[in-house]
Amino acid sequence: MSDTLPAEPSTPATGAPVEPVQPGDPAKKQEGSFGWFLVKLVIAVLVFRTFIFTSFMIPSESMMPRLLEGDYLFAAKWPFGYSRASLPLDLAIVPPGRLFGRLPTRGDVLIFKHPVDRVDYVKRVIGLPGDRIEVVAGQVVLNGTPIPKRKIADFVLPIRPNERCTEDQFTETERDGSSACRYPRFHETLPNGVEYDVLDLGQRDADNFAPVTVPAGHLFMMGDNRDDSMDSRFPAIADKGVGFVPLDNVAGRASFMFFSTDGTAAWLKPWTWFTAARWSRIGRPI
């Protein structure tokens with residue numbers, strides 16, 4: 001092994017000593033990087049929430065069988081343009097109208113603000129401006145032509161704790177001893193080819209609705225659970241019907257589910273967060 005020591009660092013020809021390079025304070029660098037990361041994160045979230053998607057939780061059974069209470073979904077904002085309703089805070093200072101506004105398509109499932117109290121609702125577009133809508137014995141008539149409606153297999157929904165079916169006649173006991181709701185299900189097809197399922201529990205007051213023409217700048221919305229939906233068949237009253245929905249009130253189009261829970265989870269029991277999840281529904285398109 002050589003006994004030669006490492007060479008000393010050379011100095012400039014002037015003989016002046018070389019000042020050692022002092023590295024920056026790692027703590028300060030890390031603090032600055034984290035702060036800038038937070039700024040970028042906030043900007044990204046604002047852009048996402050303002051222009052791309054908004055999230056929504058289904059609070060009721062009015063859109064069964066497609067959407068269940070406890071479904072969490074993303075709604076796309078860009079398809080129909082931007083208005084006060086599509087902004088994160090629904091600010092009253094935003095002028096009326098829509099930027100890059102476009103009409104929805106019949107059959108689209110929309111998130112919109114209630115015309116009276118501005119609460120978020122979710123329903124399906126049945127009528128566009130100028131359409132004539134009526135309901136006869138539970139069948140929707142669009143511009144004089146009944147929307148085809150055929151009976152398919154019943155929709156069976158397990159009963160959650162402390163809940164019950166819409167009416168006792170729809171309650172049944174399953175083979176494993178659990179209880180479920182069995183609802184009559186039908187398949188509808190709109191003139192543009194959009195297909196979806198609806199529930200019809202039999203003749204109810206709203207199964208007959210006199211003809212109306214959808215005003216300019218408005219939509220006629222209906223829930224898929226036809227006998228358990230306060231929609232455009234009912235006058236616009238806070239926490240009740242929505243009447244004709246202004247296009248400016250549209251927040252976005254329901255796109256896909258990112259989570260779903262049956263409501264049995266408890267915060268103090270972490271394992272129930274997984275057992276309560278409806279894993280088969282996560283990621284499904286609307």
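This report describes the chain as a whole, then its sheets, its nonpolar groups and its salt bridges.

## Basis of the model

The structure is a predicted model, in which local features need pLDDT of at least 70, side-chain atom pairs count only at pLDDT 80 or more, and totals for chains, interfaces and linings use all residues. Residues are numbered from 1 along each chain as its sequence is written, and side-chain values use heavy atoms, with hydrogens and water left out.

## The chain as a whole

The chain holds 2 helices and 15 strands. Both are DSSP runs numbered from the N terminus, helices (H or I) of at least four residues and strands (E) of at least two. Of the 286 residues, 38% are buried. Buried stands for under 20% relative accessible area, exposed for over 50%, and partly exposed for what lies in between (1.4 Å probe, protein chains only).

Accessible areas come from the Shrake-Rupley method with a 1.4 Å probe, and for residues only the protein chains shown count as cover. Among contacts (heavy atoms within 4.5 Å) between residues at least 6 apart in sequence, 62% join residues at least 24 apart.

## Two open sheets

Strands of a sheet pair through backbone hydrogen bonds, either parallel or antiparallel. Two strands are taken as paired if DSSP finds at least two bridges between them. E13 and E14 run antiparallel and are joined by 2 bridges; Leu-219 stands opposite Val-245 in E14.

An open sheet of 4 strands has the order E7-E6-E5-E12, also with antiparallel pairing. Strand E7 (145-146) and strand E12 (209-213) each have a single partner strand, so one side of each is left without a neighbour in the sheet. E5 and E6 pair in the antiparallel sense over 4 bridges, and Glu-134 stands opposite Val-141 in E6.

## Phe-259 in strand E15

Phe-259 lies in strand E15, which covers residues 250-260. Phe-259 counts as partly exposed because its relative accessible area is 28%. Beyond its neighbours within four places in sequence, Phe-259 is in contact with Gly-70, Asp-71, Tyr-72, Ala-277 and Ile-282. Gly-70 is 189 residues away from Phe-259 in sequence, yet their C-alpha atoms are 8.4 Å apart.

## Nonpolar core and surface patch

In soluble globular proteins, nonpolar side chains tend to be buried together. A nonpolar core here is a set of buried Ala, Val, Leu, Ile, Met, Phe, Trp, Tyr and Cys residues joined through side-chain atoms within 4.5 Å. The largest such core has 14 residues, of which Ile-126, Ile-133, Val-140, Ile-147, Phe-220 and Met-222 touch the most other members. At least two residues of this core come from each of strands E5 (132-136), E6 (139-142), E11 (195-199) and E13 (218-222). Leaving aside neighbours within four places in sequence, the contacts of Met-222 include Met-63, Ile-126, Val-135 and Val-140, and also Lys-123, Asp-231 and Arg-233.

Nonpolar residues also form a patch on the surface: Trp-36, Val-39, Ile-43, Val-47, Phe-51, Ile-52 and Trp-78, with about 650 Å² of accessible area together. Patches are made of residues with over 30% relative accessible area and no salt bridge, like charges being joined within 9 Å and nonpolar side chains (Val, Leu, Ile, Met, Phe, Trp, Tyr) within 5 Å. Trp-78 sits in the loop between strand E2 (71-76) and strand E3 (109-113), and is partly exposed at 40% relative accessibility.

## Salt bridges

Side chains of opposite charge can pair when their charged atoms come close. A salt bridge is counted when a side-chain nitrogen of Lys or Arg is within 4 Å of a carboxyl oxygen of Asp or Glu, and the count comes to 15. Arg-106 and Asp-131 form one, with their closest N and O atoms 2.9 Å apart. This pair links distant parts of the chain, with Arg-106 in the loop between E2 and E3 and Asp-131 in the loop between strand E4 (120-127) and E5, 25 residues apart. Both Arg-106 and Asp-131 are buried.

Arg-182 and Asp-154 meet in a salt bridge at 3.8 Å, N to O. Arg-182 belongs to strand E10 (residues 179-189) and Asp-154 to strand E8 (residues 149-158), 28 residues apart. Salt bridges that share partners join Lys-151, Asp-154, Glu-172 and Arg-182 into one network.
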